[in-house]
Amino acid sequence: LTLSSAAVRMTEQLLPQDISTLAWSCATIGVYPEVLMQTLARRVESQAPEFNTQHIGNTAWAFAKLLVSALDTQRVLRALTPEAARKLRHCDGQALSNVAWAFATSGVPCAGLFAQIADEVLTRLARRHYAKDMPLGPQHLINTSW
């Protein structure tokens with residue numbers, strides 16, 4: 001029994017944080033357990049409205065980083081697009097830059113989301129929105145621009 005097969009067996013019990021953490025972990029160590037990632041992609045599609053901004057950012061980043069299966073990545077990012085757009089104002093700097101990077105890297109069409117990201121970055125910069133609730137520090141700005 002592997003961690004991957006155990007997670008697949010427990011798929012119905014996976015919460016957005018579990019999905020996000022599993023995907024992020026796989027991407028961080030550079031492994032693509034195909035059945036697990038397909039299972040996670042299906043769960044993202046069914047649970048996307050429940051994802052908070054950190055789950056959205058980490059999951060989008062993970063699938064775009066792995067990009068082994070363009071189909072799974074497209075499924076995940078398409079499911080997350082409306083949630084990312086709706087929750088963008090609540091993203092911290094890291095989640096904002098993860099979302100921007102993931103969509104830019106994957107090539108999944110989302111011109112409207114990029115426009116919203118640009119507006120959000122400009123709004124935060126205009127307000128010097130660097131502290132407290134929604135920081136956008138120099139590193140986040142660089143990562144988002146990249």
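Contact here means heavy atoms within 4.5 Å. The structure is a predicted model, in which local features need pLDDT of at least 70 and side-chain atom pairs count only at pLDDT 80 or more, while totals for chains, interfaces and linings use all residues. Residues are numbered from 1 along each chain as its sequence is written, and side-chain values use heavy atoms, with hydrogens and water left out.

Asn 98 lies in helix α6, where helices (H or I, at least four residues) and strands (E, at least two) are DSSP runs numbered from the N terminus. Leaving aside neighbours within four places in sequence, Asn 98 is in contact with Gly 57, Asn 58 and Trp 61. The C-alpha atoms of Asn 98 and Trp 61 are 5.5 Å apart, although 37 residues separate the two in sequence. Asn 98 counts as buried because its relative accessibility is 10%; buried means under 20% relative accessible area, exposed over 50% and partly exposed in between (1.4 Å probe, protein chains only).

The protein chain has eight helices and zero strands, giving the pattern α-α-α-α-α-α-α-α along the sequence. Of its 146 residues, 49% are buried. Among contacts between residues at least 6 apart in sequence, 73% join residues at least 24 apart.

The largest nonpolar core has 41 residues, of which Leu 40, Leu 80, Leu 113 and Ile 117 touch the most other members. The elements giving two or more residues to this core are α2 (16–29), α3 (34–47), α4 (53–66), α5 (70–87), α6 (93–106) and α7 (111–126). A nonpolar core is a set of buried Ala, Val, Leu, Ile, Met, Phe, Trp, Tyr and Cys residues joined through side-chain atoms within 4.5 Å. Not counting residues up to four places away in sequence, Leu 40 touches Leu 14, Ile 19, Leu 22, Ala 23 and Phe 63.

Phe 63 belongs to helix α4 and is counted as buried, with a relative accessibility of 1%. With residues up to four places away in sequence excluded, Phe 63 touches Ala 23, Met 37, Leu 40, Ala 41, Asp 72, Thr 73 and Val 76. Phe 63 and Arg 75 are twelve residues apart along the chain, with 9.8 Å between their C-alpha atoms. Thr 53 is also placed in α4 and is buried at a relative accessible area of 16%. The residues touched by Thr 53, beyond those up to four places away in sequence, are Lys 87, His 90, Cys 91 and Ala 95.

The axes of α3 and α4 come within 12 Å and cross at roughly 145°. Axes are lines fitted to C-alpha atoms, for helices over the stretch in contact, and angles run from 0 to 180 degrees between N-to-C directions. This contact is made by Met 37, Leu 40, Ala 41 and Val 44 of α3 and Thr 59, Phe 63 and Leu 66 of α4.

α6 and α7 pack at an angle of about 150°, with their axes 11 Å apart. That angle makes α6 roughly antiparallel to α7, a term for angles over 145 degrees, with those under 35 roughly parallel, 65 to 115 roughly perpendicular and the rest oblique. The contact involves Gly 93, Leu 96, Val 99, Ala 100, Phe 103 and Ala 104 of α6, together with Leu 113, Phe 114, Ile 117, Glu 120, Val 121 and Arg 124 of α7.
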